Amino acid sequence: MILSLFVILLSFLLIFAFSSYETAFLIVQRKSFTGLAPSEKKFLNSVDSVLATILVGLNFFSATASIVTFSILKNLNVTTGEAVGLAGALVSIFIMLLEFSGKNVARKSSDTVIQILTPLV
């Protein structure tokens, strides 16, 4: 149960990170990517690679959070139908909040987000 909660929290953290990165990337795309290593600049100049990485990350961690939430609800003896509905609703609400907050952080500090997250992506 604790491992499941850790996986959900980690998934939510990474959804926030990918969402922030997406917005920051679009904002700083017109800038020179200062403070980054040449390999990181090369990655950022490949728009297709960056956007594909962001979308794969968002989808993977959204699905992970949904599956683990469903599993926790089933372990709490919630019926399958109710577990599917609750997991979908709870994760959707959290993802929406994380997307909004991640994009706002990136809008205000796009250079910082790019410098911190590019080496990790």
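Predicted model: local features only at pLDDT ≥ 70, side-chain atom pairs only at ≥ 80, totals over all residues.

Q: Which residues have the most contacts inside the largest nonpolar core?

A: Leu44 is one of them, along with Phe12, Ile15, Tyr21, Val50 and Ile114, in a core of 26 residues. The elements giving two or more residues to this core are H1, H3, H4 and H5, and H1 gives the most, with nine.

Q: How do I read the packing of H2 and H3?

A: Two packed helices are described by the angle between their axes and the distance between those axes. Here, H2 and H3 (residues 47-75) pack at about 85 degrees, with their axes 5 Å apart. That angle makes H2 roughly perpendicular to H3. At the contact, Phe43, Leu44 and Asn45 from H2 meet Val47, Ser49, Val50 and Thr53 from H3. By type, the contact residues are four nonpolar, three polar and no charged.

Q: And which residues of helix H5 are buried?

A: The general idea first: an α-helix has 3.6 residues a turn, so residues three or four places apart point the same way. In H5 (residues 110-117), the buried ones are Ser110, Val113, Ile114 and Leu117. Seen down the axis of H5, they fall within an arc of 95 degrees, so they line one face of the helix.

Q: What covers the buried residues of H5?

A: The cover includes helix H1 (2-28), helix H2 (38-45) and helix H4 (80-108).

How values were computed: Residues numbered from 1 in each chain as written. Heavy atoms only, no water. Buried < 20%, exposed > 50% of the residue type's maximum accessible area, 1.4 Å probe, protein only. Helix = DSSP H or I, 4+ residues; strand = E, 2+ residues; numbered from the N terminus. Arc of directions from axis to C-beta. Contact = heavy atoms within 4.5 Å. Axes fitted to C-alpha atoms, helices over the stretch in contact; angles between N-to-C directions. Parallel < 35°, antiparallel > 145°, perpendicular 65-115°, else oblique. Nonpolar A, V, L, I, M, F, W, Y, C, P; charged D, E, K, R; others polar. Core = buried A, V, L, I, M, F, W, Y, C linked by side-chain atoms within 4.5 Å.
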